[in-house]
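Subject: Handing over the structure, with notes on what was found

Dear colleague,

Please find below the structure that I am handing over to you.

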Amino acid sequence: MTVDEISIKARDGEEIPVSLIYNKNLRKDGKNMLLIDSYGSYGISYTPFFAKMYLLWINQGGMVAVSHVRGGGEKGEQWRLGGYKETKPNTWRDLIDCTEYLIREKYTSKDKVAIWGASAGGITVGRAMTERPDLFKAVIAEVGVMNPLRDETTPNGQPKEFGSVKDPKEFKALLEMDSYHHIKKGVKYPATFISGGINDQRVTVWEPVKFAAKLMANNASHNPTLLKIDFEGGHGGNIPPTQRYANLGDMFAFALWQLGHPDYQPKKTKK
């Protein structure tokens with residue numbers, strides 16, 4: 001196993017840290033199944049840890065990239081403020097720029113990329129997908145904030161982090177980061193796996209459901225939109241390990257199916 005720490009120049013010249021995890025025998029031939037994980041909120045940093053969930057992907061022949069986008073805390077307070085309220089577009093555009101770099105450098109190609117964001121990471125992947133629907137083959141939005149314009153009205157609304165609709169300037173910022181409001185009719189969107197927890201006290205379950213419904217109604221592609229509601233779980237991680245890994249298995253199986261892994265293709269039934 002190899003872990004590389006690299007940095008990628010974003011469109012505005014900022015250096016975005018990216019962690020790459022892959023089998024040491026991987027070749028840069030543009031054919032690798034790449035899973036890009038990103039978050040970018042609350043000043044939270046992805047610090048080193050033994051990532052069993054990433055190994056599940058890599059053991060299936062894939063490659064993982066962790067894109068340390070702005071809004072996180074990897075480079076201090078200024079990094080957090082670089083993806084905060086009015087500057088939030090940097091968060092998903094950093095993900096877009098990282099994806100383009102990894103394609104350009106032949107780590108992968110457009111039809112081999114899946115992006116994954118959970119909770120506030122739903123803003124990151126949801127807006128990356130709605131801004132550049134051509135760039136990704138599959139999108140996983142796990143218990144994601146998909147409708148931040150309405151999130152303030154929920155029990156766990158976060159106006160201090162994302163903004164308040166009561167402030168005209170912050171309202172505009174919220175509208176810009178709202179994936180639901182950026183779904184357009186007739187656009188060909190990637191394959192999408194959207195999840196929610198019926199007992200989620202952080203992201204109310206109607207947010208992912210509402211996003212999935214509008215996506216299904218407006219999507220012009222034949223790519224599947226799957227919605228999974230966990231009727232036992234809450235906000236992703238606050239469940240027993242067996243249930244957590246069952247949910248991960250569903251998300252990863254979906255992505256491996258969409259990225260063309262031969263072991264995850266539907267079997268043709270004989271007529």
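A salt bridge, as the term is used here, is a side-chain nitrogen of Lys or Arg within 4 Å of a carboxyl oxygen of Asp or Glu. Please keep in mind that this is a predicted model, in which local features need a pLDDT of at least 70 and side-chain atom pairs count only at pLDDT 80 or more, whereas totals for chains, interfaces and linings use all residues. Residues are numbered from 1 along each chain as its sequence is written, and side-chain values use heavy atoms, with hydrogens and water left out.

Salt bridges

Side chains of opposite charge can pair when their charged atoms come close. Searching the whole structure gives 15 salt bridges, and a network of them links Arg93, Arg127, Glu131 and Glu176. Since Arg93 lies in helix H3 and Glu176 in helix H7, the pair ties together parts that are 83 residues apart in sequence; helices here (H or I, at least four residues) and strands (E, at least two) are DSSP runs, numbered from the N terminus. Glu176 also forms a salt bridge with Arg127, at 3.1 Å from N to O, and this pair links distant parts of the chain, with Arg127 in helix H4 and Glu176 in helix H7, 49 residues apart.

How accessible are these residues? I use buried for under 20% relative accessible area, exposed for over 50%, and partly exposed for what lies in between, with a 1.4 Å probe and protein chains only. Arg127 is buried, at 2% relative accessibility, while Arg93 is partly exposed at 26% and Glu176 is partly exposed at 27%.

A further salt bridge joins Glu170 to Lys85, where the closest N and O atoms are 3.0 Å apart. This pair, too, links distant parts of the chain, for Glu170 is in helix H7 (residues 168-176) and Lys85 is in the loop between helix H2 (77-81) and H3, 85 residues apart. Both partners are buried, Glu170 with a relative accessible area of 15% and Lys85 with 13%.

Two helices that cross

Two packed helices are described by the angle between their axes and the distance between the axes. The axes of helix H3 (residues 89-104) and helix H4 (residues 121-131) come within 8 Å and cross at roughly 65 degrees, where axes are lines fitted to C-alpha atoms, for helices over the stretch in contact, and angles run from 0 to 180 degrees between N-to-C directions. The crossing is right-handed; a crossing is called right-handed if the near helix is turned clockwise from the far one by less than a right angle, and left-handed if anticlockwise. Thr91, Trp92, Arg93, Leu95 and Ile96 in H3 meet Ile123, Thr124, Val125, Arg127, Ala128 and Glu131 in H4, contact meaning heavy atoms within 4.5 Å.

Residues in loops

Ser221 sits in the loop between helix H8 (206-218) and strand S8 (225-230), and with a relative accessible area of 15% it is buried. Its side chain reaches the backbone oxygen of Tyr189 at 2.8 Å and the backbone nitrogen of Asn223 at 3.2 Å. Residues up to four places away in sequence aside, Ser221 touches Val187, Lys188 and Tyr189.

Thr108 belongs to the loop between H3 and strand S5 (113-118) and is buried, with a relative accessible area of 2%. The side chain of Thr108 reaches the backbone oxygen of Lys112 at 3.4 Å.

Most residues other than glycine have a negative phi. Lys106, although not a glycine, has a positive phi of about 70 degrees; Lys106 lies in the loop between H3 and S5 and is partly exposed at 48%. Val143 is not a glycine either, and has a positive phi of about 40 degrees. Val143 is found in the loop between strand S6 (138-142) and helix H5 (148-151), and at 6% relative accessibility it counts as buried.

With kind regards

Technical notes
A polar contact is a pair of N or O atoms within 3.5 Å; within protein, one must be able to donate a hydrogen and the other to accept it, and residues adjacent in sequence count only if both atoms are side-chain atoms.
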